[in-house]
Amino acid sequence: MDREALAWAAGSFDGEGCFHFLIRHRSDGALDRVTQVRITQADPEVLLRFKDALGGLGAVYGPYNRRRSNWSPQWQYAAYGFHQAQAIIAMIWPWLGSVKREQAREVLIQNRHIFHGNRVDHLRSGQYPRFVRR
């Protein structure tokens, strides 16, 4: 991996990216756990460079039209799943700022709670779980 490219990716992610952990109820009543690493931009080239810096993890989607006609179409980089999120966090961690590091910690903690059997069936679809750290 190119450390300079990873440092650039971390800086780009610090400014525009986000980590998400989302619970969804499927039609069969089971829970879907969705971990996302996401960046939205008007320029797909920036997102393709980000993806390349991460060794090809994730994908670039778009363009998506915004609600107002005078806004530029948007593109989105997204990586889904705990393992991809964990790999991305590990790659860019040394260069992330404190806000994104905390966001990354929260996503990893939320995954740990879910995968270790904590009950979340009271959550509604689309809700982000909150856990109390001990």
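Let me begin with a definition: a residue is called buried under 20% relative accessible area, exposed over 50%, and partly exposed in between, using a 1.4 Å probe and protein chains only. The model before you is predicted, so local features need pLDDT of at least 70 and side-chain atom pairs count only at pLDDT 80 or more, while totals for chains, interfaces and linings use all residues. Residues are numbered from 1 along each chain as its sequence is written, and side-chain values use heavy atoms, leaving out hydrogens and water.

I turn to confidence. The pLDDT, the predictor's confidence in each residue from 0 to 100, averages 81 for the protein, and 76% of the residues score at least 70. Residues 118-134 fall below 50, and this stretch has 34 contacts (heavy atoms within 4.5 Å) beyond near neighbours in sequence. Where pLDDT is low, predicted coordinates should not be read in detail.

Next, helix α1, residues 3-16; helices are DSSP runs of H or I, at least four residues, numbered from the N terminus. Its buried residues are Leu 6, Ala 9, Ala 10, Ser 12 and Phe 13. The face turned away carries the exposed Glu 4 and Gly 15.

Finally, which side chains meet in a salt bridge? Those of Glu 102 and Arg 105 do, at 3.2 Å, N to O; the term requires a side-chain nitrogen of Lys or Arg within 4 Å of a carboxyl oxygen of Asp or Glu. Glu 102 is partly exposed, at 31% relative accessibility.

How values were computed
Helices (H or I, at least four residues) and strands (E, at least two) are DSSP runs, numbered from the N terminus. The expected span of a helix is 1.5 Å times one less than its number of residues.
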